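Here are a few notes to read beside the model. Please keep the 3D view open as you go through the points.

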Amino acid sequence: MANRAARRAQARSNQKGIPSQYDQSNGRGRSGMIDEHALQERSRRLQNHESAEWKPSGGTDLDAVQVDQQQRNENPMHMPHSPRQWMRLISWVLIVAACIAFLVIMWLPSVPLWLVITISAVFAVGVLSLFFVGGSPHENPNLDDYGAAV
């Protein structure tokens, strides 16, 4: 029965520490595992256009609070100030108006075909015009250096 005793001893030693269903290290050290907190902090720093690696800067927390307050005071909504931004606004208005028109004609019992085609064309023009007036990815503050959304 040495085999049975060995199995029991191994079962007892496996019960110590983290349950096996949560242990991703498979008996190795935990140095290779991903640290969720560090990953979130790195993502936050990249989103704020800071260096990915944290290095002590010697700055005070008051600096961060002042920058935070300035960002809150900036109004995210502003009037368009270039022809491209006006065209982008008109494109979105066309898209929203076409969507509302689709919802309205969906419930009408008899709708002429020319009306459905006209609404579809307005929607298509709105969507296609966004490709022309959308701007370059370099101007988009929500993209990182590789074009991935942050």
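1. Start with the surface of this predicted model. Phe102, Phe123, Val127, Leu128, Phe131 and Phe132 make a nonpolar patch there. The patch covers about 630 Å².

2. Which helix gives the most to the nonpolar patch? That is α5, with 5 residues. Phe102, also part of the patch, has its place in helix α4.

3. Now look at how these helices meet. Helix α4 spans residues 83-106, and helix α5 spans residues 113-133. Their axes come within 8 Å. They cross at roughly 150°. Angles over 145 degrees count as roughly antiparallel, and α4 and α5 are therefore roughly antiparallel to each other. Their crossing is left-handed.

4. What kinds of residues make up the contact of α4 with α5? The contact holds 19 nonpolar residues. Another 4 are polar, and 2 are charged.

5. Turn next to the charged side chains. How many salt bridges does the structure hold? The count is 1. Glu41 forms this salt bridge with Arg44. The closest N and O atoms of the pair are 3.1 Å apart.

6. Where do the two partners sit? Both Glu41 and Arg44 lie in helix α2, which runs over residues 36-47. They are 3 residues apart, or about one turn of the helix.

Definitions and conventions:
Residues numbered from 1 in each chain as written. Predicted model: local features only at pLDDT ≥ 70, side-chain atom pairs only at ≥ 80, totals over all residues. Heavy atoms only, no water. Axes fitted to C-alpha atoms, helices over the stretch in contact; angles between N-to-C directions. Helix = DSSP H or I, 4+ residues; strand = E, 2+ residues; numbered from the N terminus. Parallel < 35°, antiparallel > 145°, perpendicular 65-115°, else oblique. Left-handed = near helix turned anticlockwise from the far one by under 90°. Nonpolar A, V, L, I, M, F, W, Y, C, P; charged D, E, K, R; others polar. Patch = residues over 30% accessible without salt bridge, like charges linked within 9 Å, V, L, I, M, F, W, Y side chains within 5 Å. Areas by Shrake-Rupley, 256 points an atom, 1.4 Å probe, with all protein chains shown as cover. Salt bridge = Lys/Arg side-chain N within 4 Å of Asp/Glu carboxyl O.
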